[in-house]
Amino acid sequence: GIIITGNYYCTNKDVDILCRNNDVSIVYLNTSFENNAKRIGQRGGSINPNTYNSKLKAHTNLMRNNKHRVKIKILDNNRGSKIVRKDFEKILNEL
């Protein structure tokens, strides 16, 4: 199996390449702008609203454009990390 995290490998071209030899699943950690801002602030940084919105749009489009050929799971990432991790592990066991 392959697990890809972050913003890399999140274009339609990447899904095209990965689907050639793999069963591809997308697990999207849905995090609100406010929650993202809080988490980044706790690390001493700040969030750019334009970057957040452009990444959100890119990821939403990726899932919409590929829903017919990949499995998509969306996790509410505004919850505590232990709860999200538990739900993520359930998804991994289903794949």
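What relative accessible area does Glu89 have, and is Glu89 buried, partly exposed or exposed? Glu89 has a relative accessible area of 37% and is partly exposed, where buried means under 20% relative accessible area, exposed over 50%, and partly exposed in between (1.4 Å probe, protein chains only). The model is predicted: local features need pLDDT of at least 70, side-chain atom pairs count only at pLDDT 80 or more, and totals for chains, interfaces and linings use all residues. Residues are numbered from 1 along each chain as its sequence is written, and side-chain values use heavy atoms, with hydrogens and water left out.

- The structure holds five salt bridges, each being a side-chain nitrogen of Lys or Arg within 4 Å of a carboxyl oxygen of Asp or Glu.
- Glu89 is joined by a salt bridge to Arg85, at 3.0 Å from N to O.
- Both Glu89 and Arg85 lie in helix α4, four residues apart, about one turn of the helix; helices (H or I, at least four residues) and strands (E, at least two) are DSSP runs, numbered from the N terminus.
- Asp87 and Lys90 form a salt bridge at 3.9 Å, N to O, and both residues lie in helix α4, three residues apart, about one turn of the helix.
- Lys90 is partly exposed, at 45% relative accessibility.
- A network of salt bridges links Arg79, Asp87 and Lys90.

- Lys73 and Glu94 form a salt bridge, with their closest N and O atoms 3.5 Å apart.
- This pair links distant parts of the chain, since Lys73 is in strand β2 (residues 71–76) and Glu94 is in helix α4 (residues 81–94), 21 residues apart.
- Lys73 is partly exposed at 34% relative accessible area, while Glu94 is exposed at 52% relative accessibility.

**Aromatic pair**

- There is one aromatic pair, counted where rings of Phe, Tyr and Trp (its six-membered ring) have centres within 6.5 Å; planes under 30 degrees apart count as stacked, over 60 as edge-to-face and the rest as tilted.
- The ring centres of Phe33 and Tyr52 are 5.3 Å apart and the planes stand at 75 degrees, so the pair is edge-to-face.
- Phe33 belongs to helix α2 (residues 33–42) and Tyr52 to helix α3 (residues 49–66), so the pair ties together parts that are 19 residues apart in sequence.
- Phe33 is partly exposed, at 28% relative accessibility, whereas Tyr52 is buried, with a relative accessible area of 16%.
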